[in-house]
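This report concerns helix packing and a chain interface. The sequence and structure are shown below.

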Amino acid sequence: MSEMWINMGPQHPMTHGLWNLRVRIDGETVLDVDPEMGYLHRGIEKISEDRHYNEVITLMDRTCYVAGLAWEHLYIIAAEKALRIQPPERADYLRMMCEEFQRIGSHLMWYAAFVQDIGLMSPFLYGMRDRDLVLDLFQSYTGARMTYEYMRVGGVRNDLPPGFTDQARKVLDWLVPRFKEYDQLCLGSDIFHKRCDHLGVLSASDCIRHGVTGPMLRSAGVKRDLRKNRPYSLYKEVDFDVAVADGADVTARYLVRMEEMRQSVRILRQVVDWLDAHPGPVMAETVPRWMGAPYAPVGREGYLLKRQYPKGVGFSSIEEPHGEAQAYVVNEGGEHPYRVKFRSPVFANLSAARTYLVGYHVADIPPIMGSVDVCVGECDR
Amino acid sequence: MAGRAAVPFVEIEALRVKEFIPAAKEALTALIAEQGQARLIRPVFNWAGRNSLFPLHWGLACCAIEFAAGFGARWDAERFGVVPRSSPRQCDLMIVNGTVTWKVAHKLITLYEQMPEPKWVIAMGNCATGGGPFRTAYSVVPGVDKLVPVDVYIAGCPPRPEAMLDGILRLEQLIRERKE
Amino acid sequence: MQPADLERALAPKLGAGLIGVEPFEGMAGRVRFHREAALDLFRTVREDLGFAHLSMVGGIDWVTHREVFYVVWSDDANQYLVLSTDLPAEDAHVESASGVWPSANWHERETWEMVDVTFDHHPDLRHLLVPDGYVFHPLLRSFKLHEPEELEVKSRHV
Amino acid sequence: MSNVTLYSVSYLLSDTVLRAIGSVLPRPLSAWITNADLITGIAVLVFGALLLAASMLNTIVLIWWERKLLGRFMDRRGAMHVGYAGLLQNFADGFKLFRKTTVQPRDADSLGFYTGPTAYMVTSMILFGILPISSGWNSGVLPLSLLLALAVFSFAPLFIFVSAWSSNNKYSLMGGMRSAAQMIAYEVPLLLAVVAVVIVAGSFDLTTIVYEQQNYWFWGPLVVALVVFFAGMLAEMERIPFDLPEAEAELVEGWNTEYGGMLFAFFMLADYLRALVGSILVVLLFLGGWTLPTWVPAALTSFPLAGIVWFMVKTYIVFGVFVWIRASLPRVRTDQLLRVGWNRMIPLSLLSVFLAALLVTVKCLPVFGCVPSLGV
Amino acid sequence: MASEVTAKEKPGEHPVLWVARPMATAARQFAKSLFRPSTIVYPYERLENPEFRDRLEVASGKPFGVGQVWDNYRGVHALNIATCISCNLCAFSCPDVCIEMVSVPGGDPKHPKKCPQIDYGKCSYCGFCSDACPEGCLTMTTRYELSTPKRSEMIYSPEKLHEIFRSKLPMNPIRLARPENEDAILLDPPLCIGCNACSRDCPTQCITMLDIPKPEAKPGEKLPRRIWKEPVVNDSDCVRCGTCISVCPKECLFWGTRK
């Protein structure tokens, strides 16, 4: 067969979202790829400029729909830095709990999607089933399954409901043996190793050249986790290890994500214990008037500029489930942020697609792209 | 008996072969118009059509995750015979689950046109219904009903999987009440 | 690494191209430079100072002028650094960083289509997020959002 | 026991009916209607109709069985709201697909586009007619029925490739090519494994092969052949882990991407027909067909149609194993599949032939009859 | 705590017998879910029913949320028209601009009572409106089934929202405490003309117009033409809706910290 271009996407079972992977193939070999993004570009950065600082949070949940709370956390840290607000300690612990549960939820979603890519049918449902238990926890304190709107500038919306921590421990106890089951279904099978070993190799130096972060970078043996390297929130208070693997291939990425979930469980046990022992306020005491939700915005522009709230630029960078996300919030003293810029880890991971796809087979594309864990929402924003 | 009066049976016999087929067609159409579709067969096909809706498997945005959760172990939409297929040729239900951008709009229309008749569309979530929180954005179609005809809207941001199932059941009810 | 150290390290290489290094919360500093010195700065920062990892490129429209900022990361120093340059609005172009950091490629494409800053010698300056042939630059302040127009609804049950 | 075949039943049926009609008709007509040639012709038609009904019904129940089993493997319920426990679900699917319009893509080759699925379906249905169901229940007494079954079985890649080629889609084309390569690669070990069975049984007639298993089932002495045959059948049936031609993740729906409506239903039905035939062949060749071990109480084997019942039970259990594999294994890659086929399966199947020949030569087969096992 | 465990050091679980282990795992799952899969038979079984959750948890052995709170699920709103004060705060705080204040019967004819009408085709269920509601009359309930064949049916009028309120669904119980450092409505006295607009439109009637002494006109100075009254805001009753600021014709009211 001669060379031809095929379009994998935008509607294709491999993409898990809305993007187009143009592939030039010769027989079954991939010669060149060209990802085409933007099918889910919703102008979130532009809409944010027309919204209040707190109202941007509703967009953050939808930016990355599998890791909404992590993106809320990202934005909130940047906005608080731009506005010079310090959240109370309990709120920080709650945010850490959110992010770690979200990491488990996101990785379970990744697991479900990834095993479907290599043709495993039932683990998809196991992953979704266990993710639903995590979402139940979210629902019990934020009030929604996926779009939480839980964090606020200066704290979080509400404290935990009674009985939450016991339920959380029960779910964690349920999850740990499940991880073993997942490993049995994947690592225990010879076909999985045949399918995924030495596939989609992206070496550490290539990762850094192309700005690849997160589990993909750690699978290449680079021990870099922002929670450890530059602890934000209160991550320096908790005890955990960074998951690293050798091989830089699909199996290594699987191993890293699985280990990250185990480490998240470990962090969560500590955080939940702390939350049990230390009740307290969850909202900072000094929040600008127009910050909290129960206030009317004032129609006339210019009024707030008279008040001269401190101007500033906030930069935050967190270890999102997919990698390093960054936010850059410019506060010009108005009620709306002047400019919000996000750095999506998936955006960078996808931009290196040519490096880790060329030379493999067409049938290898789904496992490799599955191991990258594409979330188009945050990539296109 | 108007149909038969127009093209009597004897006359059809008398017609030449070249004219036979259009005349027979006309007679048949008239017959169906008079008596309606076969009374026994229509309910069967209606029952079959509403109990086996194959949705198109394409994830747009947040709602796609809830869509997937609806096919997960907990809600299991397959109970109602709803099995997602990847190829539009084998689908009869397009669940638009997420924000439709102008960049993907023509592809959505193409997919809709690739689906064989009879086909239905569910707009799941607020983005598909009316653009949702992104409707002011420059790149977003304010509602998928501007592109393809929508049968059922499911509100929610995103709708729970139960709400999605409720929407599918509502569509089944609509098909049951449908008049041809 | 403190802003003063950075300035000491950068000034001899860049000369007049360097405007100054400001402190920036949570980072090593914010290097402000003239666009003529862009490529020199990128090379110095990457090779001499070891900032091997480019995290993002973004643009801000300050109406009078446009700012392009680069966030880079060094593993050894465990520090972020912002490089930022101001460009005149009517003639906004700057040297592309994708020769130094390949990861800049897509970020610069996005910045180009969003805030209308041209990157010279960029290998592949095409539209990335918005469709081909889109003439507007949405993240400019002059681009306003509005409620969608009422379009014809194709519902079967109105 | 008189040898009841499906054809003899249909001949009897048409004969009786036509003679009854002929008895009330005036003389010249009655002679014409009771003409032997006409009765044969009608019998063939009736045979076809019966075959169609039986195979369709079985296939649809099989799909239901797979959906329910798969549901339990996945911790969910599967179809349950249409009919009792979802039994009518597949009928609904079938009727719906029957009513849907068939869209022929532009630039598709209409001859291949329509004949491909139809021929695929028809050949798969013929397969069902060849196989014996119970003692004395088969479509016809054929001394080489096993060979005929396998020959018809191997038609499929041709028709799949024709329909894939003519639908003018890159994914279909790649799926069709993979399918053809895979089926051809696995034909060889499949046939060699069958040769082992034939050596032990000494016949190509499936009924004889089953009678040979009255003392011991062949899976005991021929376990290697069973493994090869099972794996080969998985590949022939295109089920996970060998379902590459319709690998959903990379090729949208494989070679049936462009097919919708009734033609898609043909593909579906033919696939499951082939799955059914595969399970039946496993039961016939290795698991003793309709016979049961001798230690089973006579009450369980003596009721009317016991043979058919036990045969179907065995078939559905074997198919359940296929479903089990589908639920727990990922799919392999094309080149790996072919490498496994040529490098592992063929030596294994040769080994099984050798073992079978050895067993027959040293005459130690009756040993298996003494071991108290399932196959006693 | 456990020692350094990384994925690298953890040996991969290597295949024992090709495919045996995953098949054993699947079979174990099959045995577990043979009698009670975790599927909820949705139209007949509902998760929001706590007794059902209890039973499911016992039957399926999964932590299905006994003791979990469902009351604060954010679904359709419930509106108590009787206590609504038409303060407009919900419409103000809606990030998606899906709330419109429409007139409802009741209230005096001069100032018709206005209650929120919500377009569920736009609402993102963020709960900002119910957080903002000072009287607690707009809450969110656990109802989530909103499918409809008509777009126009997705717009819920205040009466329809009131019906949901009367159906006594569990309502979102989270009430946010008001921060300590709330701003108050301040007056810029020289600009005020005493027009009574703020007092007239205040939904909580917390603004009273007090007489102020009319100053003596100095020679050569012209007194402003105005009514010699000034608004005084009762901070404890004020809900900070900003209506007074937006109706003030002279822009003399503003937010500020009261000394």
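## Packing of α5 and α6 in chain A

In this predicted model, α5(A) and α6(A) run roughly antiparallel to each other, because angles over 145 degrees fall in that class and the two axes cross at roughly 165°. The axes come within 11 Å, and the crossing is left-handed. Helix α6 of chain A spans residues 164–186.

On the α5(A) side, the contact is formed by A:P123, A:D130, A:L133, A:V134, A:L137, A:S140 and A:Y141. The contributions of α6(A) include A:F164, A:V171, A:W174, A:R178 and A:L185. Sorted by class, the residues of this contact comprise 12 nonpolar, 2 polar and 2 charged.

## Packing of α11 and α15 in chain A

Helix α11 of chain A, residues 250–277, has an axis that comes within 9 Å of that of α15(A), with a crossing angle of roughly 30°. The two helices are therefore roughly parallel to each other. Their crossing is left-handed.

From α11(A), the residues in contact are A:V250, A:R253 and A:Y254, while α15(A) supplies A:P367, A:I368 and A:S371. This contact has 4 nonpolar, 1 polar and 1 charged residues.

## Interface between chains A and D

Chain A places 27 residues in contact with 23 residues of chain D. On the chain A side, two or more residues come from each of β1 (3–8), α4 (89–117), α5 (122–142), α7 (190–196) and α15 (365–372). The side of chain A that touches chain D has 16 nonpolar, 6 polar and 5 charged residues.

Methods: Residues numbered from 1 in each chain as written. Chains lettered and ligands numbered in written order. Predicted model: local features only at pLDDT ≥ 70, side-chain atom pairs only at ≥ 80, totals over all residues. Contact = placed C-beta atoms within 7 Å. Helix = DSSP H or I, 4+ residues; strand = E, 2+ residues; numbered from the N terminus. Nonpolar A, V, L, I, M, F, W, Y, C, P; charged D, E, K, R; others polar. Axes fitted to C-alpha atoms, helices over the stretch in contact; angles between N-to-C directions. Parallel < 35°, antiparallel > 145°, perpendicular 65-115°, else oblique. Left-handed = near helix turned anticlockwise from the far one by under 90°.
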